[in-house]
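Here is a short briefing to read alongside the model. Have the sequence and the 3D view open as you go.

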Amino acid sequence: RAQTEPLGRALARIATNAAKGHGKAGKKSKKARADGGEAATGEEAAAAAAAVPSVRLFSREGAAVAEEVPNAAAWQDGAVLHIGAARYRVERNPPALTELRLPRSLLAGFPVCPKVSAEFAAPQHCLFRWFRERRPAGGGDEAVTWVEAAAAGRVFTPPNALVGLRLKLRCTPGDGEQRYGPAREVESCGPVEAGPGACTFDARHLYTKRVCGQGSVRAVTYNILADTYAQTEFSRTVLYPYCAPYALELDYRQNLLKKELTGYSADIICLQEVDKSVFADSLAPALDAFGLEGLFKIKEKQHEGLATFYRRDKFSLLSQHDIAFREALLAEPLHRELCDQLAKYPAVQEKVLQRSSVLQVSVLQSTTDPSRKLCVANTHLYWHPKGGNIRLIQIAVALSHIKHIVYDLYPSIPVIFCGDFNSTPSSGTYSFISSGVIAEDHEDWVSNGEEERCSMALSHPFKLLSACGEPAYTNYVGGFHGCLDYIFIDKNALEVEQVIPLPSHEEVTTHQALPSVSHPSDHIALICDLKWK
């Protein structure tokens, strides 16, 4: 009913519906009697038709609510609805679950994070009880029973003892004000399976057991390998023939990824190659349970994109300034000069405008010191080995856009620029970001031959430093290894406290290359602790 409608009309409708229900019940009993050889009297039918019950609403205090009061004000918690002799207590917007799902794949030793959606409730206020299957002793046909597992909250990590058994979760929605709605249960579709043993990130977690202090920021950048690319025939047979097929499956990799990411206790996580459904159904719910809020930016005409997560109790989101390079170049006056220069090189211009690459920019504010703000940028540049000239244009657009944010909108806030730049330390893109200039005769302007030459002198005002230095590689596949991923920081405002060591070469190559049964992506996460100067 409309919130502004007078209560009297809502009550009249309830009375009419109650009478209809009563009438239907009367017809059924009349039919039953007729079938049994008894005749129903006309008086009975008339009485049933006339049985429109009295419907009144009484406030918590016991006073009748006037019929002219609008619905929005009339229906209050604790009010009592009288329909004839029946009494119903009113609950306004009670907590209710709209979705409760468990991941398809469960591994012993890996966190199980349910997807919880609710109305008038929040996952952090819900009650969670986990159960494990108990099989009949003789293996007979008796029904499976459930035994409550050891105390666990929203996230449950099944021990090895539960391998072969299914799990059940009972969730009661709550709103944080001691109101709870009806519980729902969900059972896992399969049993807990054995985990892979040691993973490449286990040793790294020893450095990141705790969230770092208020004056520090732990940042992570990671290309997590989109399912869109991992599950193709080309991937299985050409790119990653050394990887066990089951280890390329999304459900398996998600288990590893969630354990890896949650174990870094990060404040800011920038991810690339995030499938839209992986963000919504897997990563966002899992990282939410560990105190991180997620933002997603899909690539143009693609199923994957970028995700930025930030720790809720350390930062709040002030604003978002995401762009698609193609659109920004064509439409924003900010890039007019670059666009005009690019127009002189139609072949290159066409390639730049065909790319679906995007830039995700989030402005965050410290929850404890509002004067501390951060501009967090995240991108994934064009991948082709000969696309150095395209990447230079993309990074020029990105840096102009970031400049607009930190010079015009939020003067002098520090920048953290993360991503898969698909550029080694010897490339023009890396040189341009680090030095602030690129000469028009740089070899990367002819990265795809003379016919696609595109020469311009470009500059940017930032003093950016690769916080994790120049590792030997951040991408290690059968046919290539090199450093492509970076966390660039504003060295005027931020300094590096510690860099979390990368996995050893021995760990990376245990199963020949990446991805593998013990590592979910073909890239390696970069992690560092930063502090304000």
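What volume does the largest pocket have? The largest pocket has a volume of about 1100 Å³. Please keep in mind that this is a predicted model, in which local features need pLDDT of at least 70 and side-chain atom pairs count only at pLDDT 80 or more, while totals for chains, interfaces and linings use all residues. Residues are numbered from 1 along each chain as its sequence is written, and side-chain values use heavy atoms, leaving out hydrogens and water.

**The largest pocket**

- A pocket here is an open set of points on a 1 Å grid over the protein atoms alone, where a 1.4 Å probe fits, with protein on both sides within 12 Å along at least five of seven lines; lining residues have an atom within 4 Å of a point.
- Of the 44 lining residues, Trp383, His384, Pro385, Asn422 and Leu484 are the closest to the centre of the largest pocket.
- Two or more lining residues come from each of α5 (227-230), α6 (233-239), α13 (388-409) and β22 (475-477), and α6 gives the most, with 4 residues.
- Helices (H or I, at least four residues) and strands (E, at least two) are DSSP runs, numbered from the N terminus.
- By residue type, the lining of the largest pocket has 15 nonpolar, 22 polar and 7 charged residues.

- Strands β10 (residues 216-223) and β11 (residues 268-275) run parallel and are joined by 5 bridges; Tyr222 has Leu271 in β11 as its bridge partner.

**Pairings of β6**

- β6 (residues 127-134) runs antiparallel to β8 (residues 167-172), with 6 bridges joining them; Phe128 stands opposite Cys171 in β8.
- β6 also pairs with β7 (residues 145-148) in the antiparallel sense over 4 bridges, and Arg134 stands opposite Thr145 in β7.

Terms used:
Pairing = 2+ DSSP bridges. Points joined across faces, edges and corners; volume = space filled by probe spheres on them. Nonpolar A, V, L, I, M, F, W, Y, C, P; charged D, E, K, R; others polar.
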